[in-house]
Amino acid sequence: MLSRLLKEHQAKQNERKELQEKRRREAIAAATCLTEALVDHLNVGVAQAYVNQRKLDHEVKTLQVQASQFSKQTAQWISMVEGFNQALKEIGDVENWARSIEMDMRTIATALEYVHQGQLQTTCS
């Protein structure tokens, strides 16, 4: 009877150990699944952040190139406007020169007319 009780006790202990081992394996498997799910979720976020960073880097490079081109084009426009202003100043200088010559020519023409009229009056008198 004692041996039977011992065998039953040992059998129950073995069942409990097996049940405990089974539960331990299930807990380890569940923890592993949870860890993998968390890591996968984090990896998706990290991967998305990496993709976004690459896109931003590309956009920054594109913007830098466009800003440089715009700066060069603006410098060309400024140069053209300055040249245009200089040409306008030169035209203004030529216009002033032409007026000055015209005034001088009118003065000379008027003087010649007076001289001519003076000579006509002296020859007529």
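Me: Why is R24 called partly exposed, rather than buried or exposed?
Reply: This is a predicted model, and the value is computed from it. R24 has a relative accessible area of 43%. Buried means under 20%, and exposed means over 50%. The value of 43% lies in between, so R24 is partly exposed.

Me: What makes R24 and E21 a salt bridge?
Reply: Their closest N and O atoms are 2.5 Å apart. The cut-off is 4 Å, between a side-chain nitrogen of Lys or Arg and a carboxyl oxygen of Asp or Glu. The 2.5 Å distance is within 4 Å, so the pair counts.

Me: Where do R24 and E21 lie?
Reply: Both are in helix α1, which covers residues 2–124. They are 3 residues apart, about one turn of the helix.

Me: How do you know that E21 is not buried?
Reply: Its relative accessible area is 29%. Buried needs under 20%. So E21 is partly exposed.

Me: How many salt bridges does the structure hold?
Reply: It holds 4. One of them joins R99 and E95, at 2.4 Å from N to O. These two residues are 4 residues apart in helix α1.

Me: Why is R99 called partly exposed?
Reply: R99 has a relative accessible area of 44%. Exposed needs over 50%, and buried needs under 20%.

Me: What makes E102 and R106 a salt bridge?
Reply: Their closest N and O atoms are 2.6 Å apart. That is within 4 Å, so the pair qualifies.

How values were computed. Residues numbered from 1 in each chain as written. Predicted model: local features only at pLDDT ≥ 70, side-chain atom pairs only at ≥ 80, totals over all residues. Heavy atoms only, no water. Buried < 20%, exposed > 50% of the residue type's maximum accessible area, 1.4 Å probe, protein only.
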